[in-house]
Amino acid sequence: MEPRNHSGLPVFLLLGLSEKPEIQSVLFGLFLSLYLVTVFENLLIILAISSDSHLHTPMYFFLSNLSFSDICFTSTTIPKMLLNIQTQSKVITYAGCITQMYFFTVFGLLDNLLLTAMAYDHFVAVCHPLHYTVIMNPQLCAQLLILTWLISVLGALPESLSMLRLSFCAVIEVPHYFCELPEVLHLACSDTFINNVVLYIVTGVVGFFPLAGILFSYSRIVSSVLKISTVGGKYKAFSTCGSHLSVVSLFYGTCLGVYLSSTWTHASQRGVFASVLYTVVTPMMNPFIYSLRNRDMKRTLRKLLCSILSSQ
């Protein structure tokens, strides 16, 4: 039954990953499992870092904040999707759609900037090891964290506020499982030229410059590592940065690919599933990637899990 609109505001219908009734229970079980695993893994990372004084370093400080951001990032989309499947309703209100887009952008930008801060931390650790503790002091780490939050909160405003100037039909079908900004723009009834300009500018500024900073940091890291004479020294330096580089590649590869392609074309099934990679799979894989390649993290996680199990 088509929802009625009594307020004069448009109503959005999230069509989800599939409209086939027979697979809705499968999708619900799958995404509920993925969401719970994501939240559990990232909470474990936060608890492990906060409980072990040996992990109170800049790298783990930013990692714990990345885990918190990943929980929030996933929580902006998946709970609403699960609720829609459970209630057999596809409706999201106009205010709900704008709010979802805003917070989705905030935590997406926060992830992006935290990865940049972690790249800078690796750069200082590898290229300036003797001055590392002086440069990466607690005050600088706190300032970088506050700066990432400010840029994320303010950087998400232009895109979301510019949506308020658009007019939509009474009921809009969004071929997605959440209100993704580029896709909603395609469905507007009014001219979206200004919105596309804002989208390009914000994506360029908060996407290009952090990525350029990451690439610059790793170019200097590679240059410094190649000067190390011993094979063991090179391996240790590269292994320190390998986890972070894997996460950066996964995040940027899927996120930029989806956003750039959706600017010119409407969402296809392939594009929607690509969105799953950076909204669900990447936040779920981050703790696994970091703990798998890090002895200190694996040791702390084992101790934490043993203490939790023993207290039961």
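At what angle do helix α2 (residues 58-75) and helix α6 (residues 138-155) pack, and how far apart are their axes?

Entry 1: I worked from a predicted model, in which local features need pLDDT of at least 70, side-chain atom pairs count only at pLDDT 80 or more, and totals for chains, interfaces and linings use all residues. Residues are numbered from 1 along each chain as its sequence is written, and side-chain values use heavy atoms, with hydrogens and water left out.

**Entry 2: α2 and α6.** I found an angle of about 25 degrees, with the axes 11 Å apart. Axes are lines fitted to C-alpha atoms, for helices over the stretch in contact, and angles run from 0 to 180 degrees between N-to-C directions. Helices are DSSP runs (H or I, at least four residues), numbered from the N terminus. The two helices are therefore roughly parallel to each other; angles under 35 degrees count as roughly parallel and those over 145 as roughly antiparallel. I noted that α2 passes α6 in a right-handed crossing. A crossing is right-handed if the near helix is turned clockwise from the far one by less than a right angle, and left-handed if anticlockwise. Pro-58, Phe-61, Phe-62, Asn-65 and Phe-68 of α2 meet Cys-141, Leu-144, Leu-145 and Trp-149 of α6, where contact means heavy atoms within 4.5 Å. I counted eight nonpolar, one polar and no charged residues there. Ala, Val, Leu, Ile, Met, Phe, Trp, Tyr, Cys and Pro count as nonpolar, Asp, Glu, Lys and Arg as charged, and the others, Gly among them, as polar.

**Entry 3: α4 and α9.** I next looked up α4 (residues 94-127) and α9 (residues 193-226), which pack at about 20 degrees with axes 9 Å apart. That makes α4 roughly parallel to α9. Their crossing is left-handed. Among the contact residues are Leu-109, Tyr-120 and Phe-123 of α4 and Pro-210, Ile-214 and Arg-220 of α9. By class, this contact has 14 nonpolar, six polar and one charged residues.

**Entry 4: α1 and α3.** For α1 (residues 24-51) and α3 (residues 78-87) I read an angle of about 150 degrees and axes 10 Å apart. That makes α1 roughly antiparallel to α3. The crossing of α1 and α3 is left-handed. The contact residues include Gln-24, Phe-28 and Tyr-35 of α1 and Ile-78, Met-81 and Ile-85 of α3. They divide into ten nonpolar, two polar and no charged.

**Entry 5: second largest pocket.** Which helices each supply at least two residues of its lining? I found that α1 and α3 do. Of the 20 lining residues, the closest to the centre of the second largest pocket are Gln-24, Asn-84, Ile-85, Gln-88 and Lys-90. The lining divides into nine nonpolar, eight polar and three charged residues. A pocket is an open set of points on a 1 Å grid over the protein atoms alone, where a 1.4 Å probe fits, with protein on both sides within 12 Å along at least five of seven lines; lining residues have an atom within 4 Å of a point.

Terms used:
Parallel < 35°, antiparallel > 145°, perpendicular 65-115°, else oblique.
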